Amino acid sequence: MYVFKTVKDLQNYVANNKREGKTVGFTPTMGALHEGHMSLLKVSKDNADLSVFSIFVNPTQFNDEEDLKKYPRPIIADIELLEENGCDALFLPSVEEVYPNDPQPLNLDLGALDKVMEGEFRPGHFAGVAQVVKRLLDIVLPDQLFMGQKDFQQFTIIQTMINQLEIPTELVVCPIMRTKSGLAMSSRNVRLSEKGRKEATLLSKTLKAAKTKIDSSTPDKVEKWAMKELSAPGFEPEYFTIVDGHTLQPIKEFSDTDYVVACLAVWLEGVRLIDNEILKS
Ligand code: AMP
């Protein structure tokens, strides 16, 4: 696997491959890679001739200095894992390489998409995410972009950005990878104790149970029930919101849309965890 630290070197490599007629699949990450990320690599390898990953802990999407400082950065293990799984190239830039000038905000109309859920609790987060993904897409110019359903609001916002800015890249969304116990894999899970990781299965259990309730209840009642479940000792839920998966806006009845998704964010042992489940599609 090639590892490129500069924009110029990566661009040369991609351009040479494109000249040979190869298609390019791109997966942006913040590192601390796990099987969830590897599932994206697998889909990339199945779809594109060349699979490029990036590892960049983007400072502009963190609204919490502590979270940025504590973000795990096991770069040697990450490179090994990518190599073992057949990644072709890794882009590993510095902050200066990604933002040679002061980061400029994008002129995007996200409407209400970034006002709810993550957008409400992490102000400025999606402006930073859109900014870094746009910059990385400008550098890599991939045919396909691979992202996880794990970050439901994120991929919806990136799809909106791609549409609005007419970026010629296809977004491919990949399913959530979970441990056997149901916990959604996340780079932040390494910050949980073993006990915490066991307890955190409450998140997926609550989502699964919510799914069984949609024929006999209302979104509002299910949300209230779930918030109570997620208020177990040690847990601090931020939100459990049932939305229309197209607009990300809360719904009044389950029949309001053909695409119903429940999304949640919960604090456990000082770690912020998110998860979601499609209740109807
Ligand atoms: P991150 O490194 O957390 O920014 O994630 C990079 C990409 O991997 C994002 O598109 C995530 O949605 C995706 N991802 C993270 N965790 C998982 C998971 N458990 N299953 C599938 N995709 C994931």
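Predicted model: local features only at pLDDT ≥ 70, side-chain atom pairs only at ≥ 80, totals over all residues.
How many salt bridges does the rule find across the interface of domain 1 and domain 2?

The domain assignment divides the protein chain into domain 1, residues 2–174, and domain 2, residues 187–276. Between the C-alpha centres of these two domains the distance is 26 Å. Domain 1 puts 22 residues into the contact, and domain 2 puts in 20 residues.

Next, the area. Domain 1 and domain 2 bury about 1,900 Å² between them, and carbon and sulfur atoms give 57% of that. On the domain 1 side, the residues that lose the most area to domain 2 are Met117, Phe121 and Phe152. Together these three account for 34% of what that side buries.

Back to the opening question. The rule finds three salt bridges across the interface of domain 1 and domain 2. As for a salt bridge you can look up in the structure, Glu118 forms one with Arg272, and their closest N and O atoms are 2.8 Å apart.

Which elements give two or more residues to the side of domain 1 that touches domain 2? They are α3, residues 65–70, α6, residues 118–121, and α8, residues 152–164. The largest share comes from α8, with three residues.

Last, the classes. The side of domain 1 that touches domain 2 is made up of ten nonpolar residues, six polar ones and six charged ones.

Notes: Residues numbered from 1 in each chain as written. Heavy atoms only, no water. Domains from an automatic or database assignment. Contact = heavy atoms within 4.5 Å. Buried area = accessible area lost by both parts, 1.4 Å probe. Salt bridge = Lys/Arg side-chain N within 4 Å of Asp/Glu carboxyl O. Helix = DSSP H or I, 4+ residues; strand = E, 2+ residues; numbered from the N terminus. Nonpolar A, V, L, I, M, F, W, Y, C, P; charged D, E, K, R; others polar.
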